[in-house]
Structure formats: C-alpha cells, structure tokens
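Dear colleague,

Please find below the structure that I am handing over to you. My notes on it follow directly after.

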Amino acid sequence: MAVKQVVRSISVFELHRRFAEAEKTALIDVRTPAEFAAAHVPGAQNAPVGTPELEAYVRKNCEADTPVFVICQSGGRSRLGCEKLAATGWDVTSVDGGTAAWAEAGYPIERAPGARNVISIERQVRIVAGLLVAAGCGLGWTVHSGFFAIAAIVGAGLMFAGITDFCRMGLLLARMPWNRA
C-alpha cells in the first residue's frame, strides 16, 4: 500500500515576502493553460498537473538549490502536483489558497494579452456534475429507473472528491480542448 506523502505548504504572504526580498525561487502554476492565461501570479510558469510537462519543466528549469513552489487556483491541484514531483525526488512546497488567495490579499495578477475569461475547473465540475445528476433523474423518471444510477455514481464521485481532495472529473475536464491554450 502506497503511503501518501505529506506536502509542505506556504502562505501567499510568505511567498510574497520571498519575492519582495528577491529570494531565488521557482513558481509553477499547475492549472490549465486557459486558466493560467486568464490570471496568474507574476513570474509563475505554467506546467499543468497531470501532464508530462510538469516534471519536464522542473527538471529542465529548476536548480537543485532553488526552492520550488507549486500554485493552482485554490490549493487542491498544487498539492497533487507536489505529490507527483516529490515522488520523483523534487523538494517542493504548495502555496496555500493558490491564486485566489494571492488576488484576495491584493497582490498583483498578470493576464495574458487577449486572455478571455474562463470558467475554472472547479466550476466546470459542478456544472457537469449537476447536468449528469439532472439528466440521470429525468431519464430515471421518464425512461427507465436504471438511469437513477447516473445520479448515484456522480454523487458518490463528488463525495469521494470532497473527502480526498482528488477529482478525476476535474483532471478529465482539464484535458478538454477549451481548457488548452
């Protein structure tokens, strides 16, 4: 049985202090390219979690003595990215609260030229889950009661995601064409 790694974390305030003092750091944003383009912390580089680019970017661009920080929208994907990188030997730290906490603290945010507003992966999961539950219930009442299983499976998946902070639907949605740059 694999033991889940404990992921170190840092607050956005501490990260901002390190940037202000010009400490040597690497900041990797593991959100989708579309989310990254819409808004990101200045100086962050994009290498989405769940893609080979993440470890390849760290291997190519980060020195062994440089602290590596991983950020996402709210913290879930950055912890997952840290777990994946730590499993390959990297010393990494997750940014608590992610880009949302950075912006809420009033720190600057960069947007790519021509970036469009995007729907976050978390919102996309809620939209798709709601659609699947509504469709399953509607089909269960009108076509065949077996369609209620769709609602039950989605509900179980949401419960699992809430308990473990790991959402397979979110990772699947991150690979969709509209979430690519």
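Which residue in β4 is the bridge partner of Leu27? The partner is Phe69. Strand β2 (residues 26-29) and strand β4 (residues 68-71) run parallel to each other and are joined by four bridges; two strands count as paired if DSSP finds at least two bridges between them.

Before going further, please note that this is a predicted model, in which local features need pLDDT of at least 70, side-chain atom pairs count only at pLDDT 80 or more, and totals for chains, interfaces and linings use all residues. Residues are numbered from 1 along each chain as its sequence is written, and side-chain values use heavy atoms, with hydrogens and water left out.

Overall architecture. The chain contains eight helices and five strands, both taken as DSSP runs numbered from the N terminus (helices: H or I, at least four residues; strands: E, at least two). The five strands make up an open sheet with parallel pairing, in the order β1-β5-β4-β2-β3. Because β1 (9-10) and β3 (45-46) each have a single partner strand, they stand at the edges, and one side of each has no neighbour in the sheet.

Extent and surface. Along the principal axes, the C-alpha atoms occupy a box of roughly 65 × 45 × 25 Å. The chain exposes about 10300 Å², of which carbon and sulfur atoms supply 62%; the areas come from the Shrake-Rupley method with a 1.4 Å probe, and for residues only the protein chains shown count as cover. Among contacts (heavy atoms within 4.5 Å) between residues at least 6 apart in sequence, 68% join residues at least 24 apart.

Thr66 is located in the loop between α3 (52-61) and β4. With 9% relative accessibility, Thr66 counts as buried. Apart from neighbours within four places in sequence, Thr66 is in contact with Lys24, Thr25 and Ala26.

Cysteines. Across the whole structure, the search finds zero disulfides, a disulfide being a pair of cysteine sulfur atoms within 2.5 Å.

With kind regards

Key: Buried < 20%, exposed > 50% of the residue type's maximum accessible area, 1.4 Å probe, protein only.
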